Amino acid sequence: MKELAKKLSKVMQECSHIQKNGTNSYHGYRYATSADVLERVNESLVKNGIASAAHPELVSMENVTNARGTTEHLATISMAIELTDTESGDTCTIYGIGSGQDVGDKAVMKAETAAIKYAYLLSLAVSTGDDPEADARTDERMEVNDSRPRPVNQSQPAPAKSNTQYTHLCQACGAAISDKVNSYSIKRFGRPLCMDCQHAQKTA
């Protein structure tokens with residue numbers, strides 16, 4: 001591993017930061033695209049005499065229902081990438097996990113692309129400065145019939161006891177919301193959102 005480690009340290013130096021050229025129009029932020037990451041990393045690997053071989057494994061494939069009532073496929077892929085020093089024969093394997101959602105047949109391909117991207121970003125300590133990106137079209141089709149439990153922010157105090165019934169959850173942050181807020185949000189935004197997330201949506 002000594003020779004391969006030397007070369008990988010050069011790759012890490014050359015790929016220490018990758019510019020954010022992608023834009024998520026739905027949430028309004030920029031991110032480093034998979035194409036940018038793979039092109040930059042592959043160029044450095046080849047330059048330093050390191051070959052790569054990706055080995056994907058399908059972890060799960062399930063159907064989810066979006067806000068429009070359309071069934072989409074959600075795939076999760078575990079990716080193992082074997083890196084080999086073409087001179088010494090040293091090898092090592094890096095790993096990544098990615099998910100992809102699509103109404104057609106591209107869910108697995110999206111998941112594979114995401115898994116490869118994050119395997120390189122995490123293993124080579126690549127800085128992009130971006131939040132995990134999301135497909136804008138998927139964001140617009142946020143699920144409303146998903147039975148999986150929503151995350152709850154434990155750092156927030158529980159709402160004070162009152163006559164208000166908090167029987168719904170904000171689809172964006174998981175906070176409990178009242179019937180009145182839920183009804184208004186669905187009518188105004190097409191999905192349940194708390195007051196803070198409604199304000200953020202209006203601002204966006």
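Guide: A crossing counts as left-handed if the near helix is turned anticlockwise from the far one by less than a right angle, and as right-handed if it is turned clockwise. In that sense helix H2 passes helix H3 in a left-handed crossing. The model is a predicted one, in which local features need pLDDT of at least 70 and side-chain atom pairs pLDDT 80 or more, whereas totals for chains, interfaces and linings use all residues. Residues are numbered from 1 along each chain as its sequence is written, and side-chain values use heavy atoms, without hydrogens or water.

H2 spans residues 34-47 and H3 residues 107-123, both being DSSP runs (H or I, at least four residues; strands are E, at least two) numbered from the N terminus. Their axes, lines fitted to C-alpha atoms over the stretch in contact, lie 10 Å apart at an angle of about 50 degrees (on a scale from 0 to 180 between N-to-C directions). H2 is therefore oblique to H3, since angles under 35 degrees count as roughly parallel, over 145 as roughly antiparallel, 65 to 115 as roughly perpendicular and the rest as oblique.

From H2, the contact (heavy atoms within 4.5 Å) draws on Ser 34, Val 37, Leu 38, Val 41 and Leu 45, and from H3 on Thr 113, Ile 116, Lys 117, Tyr 120 and Leu 121. Seven of these residues are nonpolar, two polar and one charged, where Ala, Val, Leu, Ile, Met, Phe, Trp, Tyr, Cys and Pro count as nonpolar, Asp, Glu, Lys and Arg as charged, and the others, Gly among them, as polar. The pair belongs to a protein with six helices and seven strands.
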